[in-house]
Amino acid sequence: MDRKCLLVIGAGILIRLVLFTAFPSLPTILAQRVEISTPVTSYKRLQEGIYLFTHGVSPYDGGVFHQAPLLLSLFSILPPSTIVTNLLYVLADVFSAISLIQIASSGVPTVTPHHVSPRKANTWPPWAIAAAFLFNPFTIATCIARPTIVFTNTIILHAVAAAVNGRRGPAFVSMAMASYLSLYPVLLLPPLLFLTYDSLKANSKPSIQAFSAVTMIILSVVLMIYFKLSHLITGSWEFVASTYGVHLLLPDLTPNVGLWWYFFIEMFDSFRAFFLCLFQLHLLIYVPSVCLRLRKQPLFALITLVGISSIFKSYPAIGDTGLYLSLLMLYNHTFPLMRYTFFLAAAILYATFLGPAFYYLWVYAGSGNANFFYAITLVWSIFNALIVADAVYAVLREEHETERPELIGKDVVQI
Amino acid sequence: MALRVPVNLRKNLSVVLYAFQGLSIVAVIVGLASLLLLPLDEYSRRTYISENALLPGQVHAYFGGSEQNIVRAFRREVDLLGNSTSDVVAERMAEIFRSAGLKVGKQRYSYKAAGGEYTGENVYAVLHAPRGDATEAIVLCAPWRNIDHLLNEGGVALTLALSRYFKRWSLWSKDIIFLISSDARAGPQAWVDAYHDLHGENIQSLSVKSGAIQGVVVVDYPGAYHRFESLHIIYDGINGQLPNLDLINTAVQISRDQMGLRTDLQEMWNHDDSYRHRLRTMLRGMVNQALGHSTGPHSSFIPYHIDAITLAAHGNGWHDEGSLGRTVESLFRSLNNLLEHFHQSFFFYLLMAPKRFVSIGTYLPSAMLLAVGLTLTAIRLWVDPRSRSGEEKVENAEKSEKSEKDEKAKEDDKKPVEVVAIDSGPKRELFLPMSIVIGVHFCGVIPFAVFNSIDYKSMASVFYIFIATSVILPTLISILITLTASPHRLLPAFHLSRCFSLLFLGMFLSTLATLNFSLSFLIGLFSLPLTFARTTPKSIPLALVNSILLQLTSPFAALFAVAGYWGLGVEDILKEASFGWWVWGMWTPVVVWCVWWPAWVVGRISVDSSFVMAVTGKSS
């Protein structure tokens, strides 16, 4: 890490601390925003869970708390002071930034064993990637509102940073933790496997089958340890239904920026099970196809899956989009190949402003209704999906041009 | 050579640019024209009652006869208390309410804004519904002094008389609250805040409460014993929010059809339902909505999703307190019929005559088109090759650009050219324009904070200092940038800063259009010069024209225009804005200083840089 990285991180810490101290009511206001806090990440619900937990009641009684038990033990060890909690969240963001710097410095975004980007000289320096993460308004808002998604993001980034350096153990222990905390990172395991495998030194490379078998064993052992620990902490297996059950079965229909809540409000009960399966499978089907098609650049496959799950998962928030956009910055050398950068950025900005306005019209002013907010979450999701699609287009186009240099600058049709 | 994606767009770039330019101009013109079409019969609609439960004017109103004598007695009472302090008034009012057998509460409040202190004491009484369960309430309010600081003798007397009169009826299914607020601006706000437990520390909590408030009717009838000619219905709320149209329709139908009272809107006393009068009514409504200020005691209720109107007696005619009392009685009987909160009719509308309106679907496109015009201009500026600052020639760029770029290429020959496998063509330098736009937007907090914290006395002088600063600041910034940045980056930097600024403005305005249509429309109208005022180092006269146009459409010019419209000084407008921010939570100053002013400053920077570049010779 050079001086510029440290400077960026310092500025990132400063801006967060200033926001925490200069506007003491801001964390509470932001924590109530449905765009930032979801039932499975909300800080308010976490506090409720901690209160019940420290008073000897099962935290999952009452159906408010849906977060993993290890978070409870972490927060009950911490002294109950707001400053310490805030610092913990700032620290998590700093670790995320450091992981991003490590990923960027490793050169994996541009050079993999199967693909060398012809634009690798155009890529941004690591400090710029860190800055894009630390000064992203979505990340800042998420950090100030203190949902537990911050920790999931940090751990995902840490896992990726370990993977690009070929450190299998830390990578999978971390990704197992991320999956344990919020379920959907489990989708990132296949690309992470490829990423780790590709980053191993060529002379000591086992076969991919042997490698994945060993990794699976590590993973299941680690996950079993996490579950057993959780069982010990809460004293029952109740937490499985209250955390993963909620992710999978969507009992809480609080609005969020995703596509599920409105759909399942309108749904007749008899179709509910069918569409739940369909929505979950929909997320799952992307994994093999993306991993296979982007086998040459597993890091990008992973980023794409982060993007897809940030749109289609059951309780998405802007923190997920923040993570995706920050990771996407690693591939900034392909941005000139994207077709709609300005248009998409403008559309995302529009949705960012219209979302709270429509929510206000619906909930406070009473002059709108749920359709207003749902319409804007649709717009938000569509344009996020277009960003994912456009980024995939750019990366595939670059691969294509590397294979067939004579086609550079020619029209292509995406089918 | 440069890789070009998407190819089609780039090949026909000038066509695309002209198309966008044309589209944004068309969008603006259509937006303006469609607003002017609204008062026509073809585009506006007759009002109608959506909520069948209201049954306006279906009951006989009995207020009158001997009740009139009671009103006159109370008038005398109010008259005697005319110049007393608010606690004496509150005590006497409380006594009267108590003698009518009602539960009474009093509330002191104190607000500080613009160096002044606004104190008073509200008094109110709750009539528990004989046939209700105290979950819903309707409010009859009379400010002690109305919005023009006149003693509201008729209104208060009528409220006192109606409190005795309503007590005798057994048909009420909602509680009725009689509120006599100490003034028309701060008092109702303090009361409604406290009613919802959202009051500040200098405001007392309410000792007696009832259920959720379903509707509010304010009676404003100042002057001693005079008879009035028409009923002025005032409906604008804080931040341009409006009450449900059904409430206004009910009031209009009762007063016109049942009582034979003429109704007026927006101070249009001689409305003959012609195009001109409709347009003026609509425009006056839009100005009030855009300013977002309180137009009467009812305004404070509307942000709480409580539908409220003020009935103000106007002119010299033959109607007396009996007519007004019967109107209020009939209106309350209708409100009493409500099965659920007002929701059937429109919340977004523009009224152009008491019985004619346009709804949001018809008028929103005009504000949206203005915002779209700004956004289209932003997109055009982005795809324009002038936004790129590269060493290479752009093949399909316009001819003048070619020569410029050639010269740049010569200048940059000395620099070692980076050798890369594939060059992505001339790049856009985003950092400088981004930091200009974001920096200026952050600066918008400064005037906002300053004008909300200083005293009334120093406001005028601070304002003139601020105008002077705003005039000089963009020039200084453009000098600074011109002197520090390298010449071939200058034009693209100003070009892109305009692009981002217009994008932000378009975005803010289209968001604002959903919350406060009129404010968005008026700012959009004033911001039109920003779409064409650009950096023209080669044509100083054009830059001069642009600069003057920008000055004429600046936020300050608008402020002077508003001050002139009401015949007040600018310091009064600023005081009103400061008062609005601290008391009502009015957002207009935020929009002006943090959205409009920054966009204007960025526009000025672009225009002023033409002079600076011409003087320093960096224009080539």
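User: Before we look at how the chains meet, what puts two residues in contact here?

Analyst: Two residues are in contact if their C-beta atoms, placed from the backbone, lie within 7 Å. Keep in mind that this is a predicted model.

User: Thanks! Which residues of α17(A) meet α15(B)?

Analyst: On the chain A side they are Ala346(A), Leu349(A), Tyr350(A), Phe353(A), Leu354(A), Ala357(A), Phe358(A) and Leu361(A). Their counterparts in α15(B) are Leu503(B), Met507(B), Phe508(B), Thr511(B), Thr514(B) and Leu515(B). By class, the contact has 12 nonpolar residues, two polar and no charged.

User: How should I read the packing of α17(A) and α15(B)?

Analyst: Two packed helices are described by the angle between their axes and the distance between the axes. In this case, α17 (residues 341-363) of chain A and α15 (residues 487-515) of chain B make an angle of about 20°, and their axes lie 9 Å apart. Angles under 35 degrees count as roughly parallel, and α17(A) and α15(B) are therefore described that way. The crossing of α17(A) past α15(B) is right-handed.

User: Let's turn to chain B. How many helices and strands does chain B have?

Analyst: Chain B has 21 helices and 11 strands. Its C-alpha atoms fill a box of roughly 100 × 50 × 45 Å along the principal axes. Of its 620 residues, 52% count as buried.

User: What is the order of the strands in the open sheet of chain B?

Analyst: First, the general idea: strands of a sheet pair through backbone hydrogen bonds, either parallel or antiparallel. Here three strands of chain B form an open sheet in the order β1-β11-β10, with antiparallel pairing. β1 (45-46) and β10 (349-353) of chain B each have a single partner strand, so one side of each lacks a neighbour in the sheet. Four bridges join β10(B) to β11 (residues 356-359) of chain B, and Leu350(B) stands opposite Val358(B).

User: Which helix packs on the sheet?

Analyst: Helix α8 (residues 275-291) of chain B does, touching β10 and β11 of that chain. The direction of α8(B) makes about 140° with that of β10(B).

How values were computed: Residues are numbered from 1 along each chain as its sequence is written. Chains are lettered from A and ligands numbered from 1 in the order in which they are written. This is a predicted model: local features need pLDDT of at least 70, side-chain atom pairs count only at pLDDT 80 or more; totals for chains, interfaces and linings use all residues. Axes are lines fitted to C-alpha atoms, for helices over the stretch in contact, and angles run from 0 to 180 degrees between N-to-C directions. Helices (H or I, at least four residues) and strands (E, at least two) are DSSP runs, numbered from the N terminus. Angles under 35 degrees count as roughly parallel, over 145 as roughly antiparallel, 65 to 115 as roughly perpendicular and the rest as oblique. A crossing is left-handed if the near helix is turned anticlockwise from the far one by less than a right angle, and right-handed if clockwise. Ala, Val, Leu, Ile, Met, Phe, Trp, Tyr, Cys and Pro count as nonpolar, Asp, Glu, Lys and Arg as charged, and the others, Gly among them, as polar. A residue is buried if 20 or more other C-beta atoms lie within 10 Å of its own, exposed if 12 or fewer, and partly exposed in between; C-beta atoms are placed from the backbone. Two strands pair if DSSP finds at least two bridges between them.
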